[in-house]
Amino acid sequence: MAQIETEQPRWRQVYAVISGRIRSGEIDVGERVPSLVDLTAEFGIANATAQKVVRQLRADGLIRTEPGIGSKVADREYWEPETA
């Protein structure tokens, strides 16, 4: 299980890890991102927290979700600039 140890809300910490993996290319364009089940297992978070992470990744244009297929990294042209 990944360690999360900052003062930020859990969803924001997990979002930072996953968005970092996407932006660095560790999870490349077109590749599937971790599912809700995977996020809850890796980070020890609730399903609702994992859903919030996925919603924010989608809102920032980092992922696209297709019903029946799952979520994949979107083309870089759709990504919102990284904010601190």
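This report covers a helix pair, a strand hairpin and the aromatic rings of a predicted model.

## Basis

Local features need pLDDT of at least 70 and side-chain atom pairs pLDDT 80 or more, while totals for chains, interfaces and linings use all residues. Residues are numbered from 1 along each chain as its sequence is written, and side-chain values use heavy atoms, without hydrogens and water.

## Helices α2 and α3

Helix α2 spans residues 36-43, and helix α3 spans residues 47-59. Helices here are DSSP runs (H or I, at least four residues), as are strands (E, at least two), numbered from the N terminus. The two axes come within 9 Å and cross at roughly 115°. Axes are lines fitted to C-alpha atoms, for helices over the stretch in contact, with angles from 0 to 180 degrees between N-to-C directions.

Leu36, Leu39 and Thr40 make the contact from α2. From α3 come Asn47, Ala50, Gln51, Val53 and Val54. Contact means heavy atoms within 4.5 Å.

Strand β1 (residues 63-66) pairs with strand β2 (residues 70-73). The sense is antiparallel, over four bridges. Strands pair if DSSP finds at least two bridges between them.

Glu66 stands opposite Gly70 in β2. Thr65 has Ser71 of β2 as its bridge partner. Three residues lie between the strands, and Gly68 takes a positive phi near 80° in this hairpin.

## Aromatic rings

Arg64 lies over the face of Tyr78, at 4.1 Å from the ring centre. A charge sits over a ring if NZ of Lys or CZ of Arg is within 6 Å of the ring centre and within 35 degrees of the ring normal.
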